[in-house]
Amino acid sequence: QVHLVESGGGLVQAGESLRLSCAVSGTILNIRTVGWYRQAPGKQRELVASMSGGVTTNHSDSVKARFTISKDNVENTWYLQMNNLKPEDRAVYYCKLIAMRPGATFFSDFWGQGTQVTVSS
């Protein structure tokens, strides 16, 4: 069983920072991509940041220069550092892993349960 657990969300004021964590447990192979997504009320889920191959990162235009995805070099934990938060960043943030289960020949998607981020103006 593969589990992803997000944490670090909360209520902050505009301009403040939060760091989200995505802890991955279980046996997985060939991690291809890790992504942070968010879903605001009444909106579709959107990708805000991703890391591929453990090195290559991408950030959406709406969060570029404010959010940074990174990985702990020891633990299977990924982070999303969010600085200068804005009210429009309010959403449930999810972590998604694209990887292979042992013995599999194809990649699967694994999702966490999400963590709420609320930003007051």
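1. Aspartate 61 is exposed, having a relative accessible area of 68%, in what should be read throughout as a predicted model.

2. The structure holds five salt bridges, among them one between arginine 38 and aspartate 89, whose closest N and O atoms are 2.9 Å apart. Arginine 38 belongs to strand S4 (residues 29-39) and aspartate 89 to the loop between strand S8 (77-82) and strand S9 (91-100), so this pair ties together parts that lie 51 residues apart in sequence. Both arginine 38 and aspartate 89 are buried.

3. Aspartate 89 also forms a salt bridge with arginine 66, where the closest N and O atoms are 2.7 Å apart. This pair links distant parts of the chain, 23 residues apart, since arginine 66 sits in the loop between strand S6 (56-59) and S7; both aspartate 89 and arginine 66 are buried. Through shared partners, salt bridges join Arg38, Glu46, Arg66 and Asp89 into one network.

4. Turning to the strands, an open sheet of four strands runs in the order S1-S3-S8-S7 with antiparallel pairing. Strand S1 (3-7) and strand S7 (67-71) are the edge strands, each pairing on one side only, and neighbouring strands of this sheet are turned against each other by 15 degrees on average, direction ignored.

5. Within that sheet, S1 and strand S3 (residues 18-25) pair in the antiparallel sense over five bridges, and leucine 4 stands opposite valine 24 in S3.

Notes. Residues are numbered from 1 along each chain as its sequence is written. This is a predicted model: local features need pLDDT of at least 70, side-chain atom pairs count only at pLDDT 80 or more; totals for chains, interfaces and linings use all residues. Side-chain values use heavy atoms; hydrogens and water are left out. Two strands pair if DSSP finds at least two bridges between them. Helices (H or I, at least four residues) and strands (E, at least two) are DSSP runs, numbered from the N terminus. Axes are lines fitted to C-alpha atoms, for helices over the stretch in contact, and angles run from 0 to 180 degrees between N-to-C directions. A salt bridge is a side-chain nitrogen of Lys or Arg within 4 Å of a carboxyl oxygen of Asp or Glu. Buried means under 20% relative accessible area, exposed over 50%, partly exposed in between (1.4 Å probe, protein chains only).
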